[in-house]
Structure formats: structure tokens, C-alpha cells
Amino acid sequence: MNSKEKILKYIKGRRFVTGKELSEFLGISRQAVNKYLQELIQDNKIVKEGVTKGAVYKASHAKRKVRSVKRFEKTYILSALEEDKVFRDLAPLLNFKQELSKSAFRIVHYAFTEMLNNAIDHSES
């Protein structure tokens, strides 16, 4: 059994584990453990909660959806640009109404339009 398999088995037997705990269990450096943890996170086998020394790792039970990358490219005239119009152009292309809950849609709408509004206001164009 390789180190990644040992880590995964160890994590599955517990509610959560820390990097330090795994380092001690395997007898390897925290840097080596972190390398394996990052690979397991990329493979969607575990999830990380928290940051730095406070981070814990748990087994992942979610199945990752594979999504294609969509590109949106359109040129807008800056004078009289309305951030809501840009969002209305973009949202259907990304299926926001189907992919997001109503509350998530409202949050994405608000965040997008606020950021675009700030970019318009501060672009000095």
C-alpha cells in the first residue's frame, strides 16, 4: 500500500485528521504529507476544511461533476454601459438559472454586477 492509499484509509477511519497527525502516523515530513493531500484533494477523494495549521481533512463523499469550460467574449462600449445588461447576456450562456438555487443566483448576480460596476467606475476610461 502506497502513502496515498494509507492516508486515505486512515482518514476514512476517522471523522477528520490533521496534517501533523498524518505526518506522525506515516513517519514522513509534513511537506511530503501535504503533497499527497493535495493530490487526494485534486482527485476528489478528500476535502480540506480550514487553513494552515488549523486545517483538517475529511473523506469526500461527493461525486465531482465534470464541467466544460465556457468562454464568453463580447465587446461593450464603456459609455453608458450597464452592468446588469452584461449579466443578462452572460447568465443564459452559463445556465445560471438551472445550475444555481434562487439564493445563489441572487448572490452571483449581486457580486458580478457590483464588481463590474466598480471596474467601470474606476477604469478611468
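Does Phe112 count as buried, partly exposed or exposed, and at what relative accessibility? Select Phe112: at 23% relative accessibility, this residue counts as partly exposed. Buried means under 20% relative accessible area, exposed over 50%, and partly exposed in between (1.4 Å probe, protein chains only).

This is a predicted model, where local features need pLDDT of at least 70, side-chain atom pairs count only at pLDDT 80 or more, and totals for chains, interfaces and linings use all residues. Residues are numbered from 1 along each chain as its sequence is written, and side-chain values use heavy atoms, with hydrogens and water left out.

Now the rings. The whole structure holds four aromatic pairs. Rings of Phe, Tyr and Trp (its six-membered ring) pair if their centres lie within 6.5 Å; planes under 30 degrees apart count as stacked, over 60 as edge-to-face and the rest as tilted.

Select Phe87 and Phe105. Their ring centres are 5.6 Å apart and their planes stand at 65 degrees, so this pair is edge-to-face. Phe87 lies in helix H4 (residues 83-93) and Phe105 in helix H6 (residues 102-122), so the pair ties together parts 18 residues apart in sequence. Helices (H or I, at least four residues) are DSSP runs, numbered from the N terminus. Both Phe87 and Phe105 are buried.

Next, Lys97. Its charged end sits over the ring of Phe105, 4.7 Å from the centre. For such a contact, NZ of Lys or CZ of Arg is within 6 Å of the ring centre and within 35 degrees of the ring normal.

Finish at Arg14, which lies over the face of Tyr10, 3.7 Å from the ring centre.

Conventions:
Helices (H or I, at least four residues) and strands (E, at least two) are DSSP runs, numbered from the N terminus.
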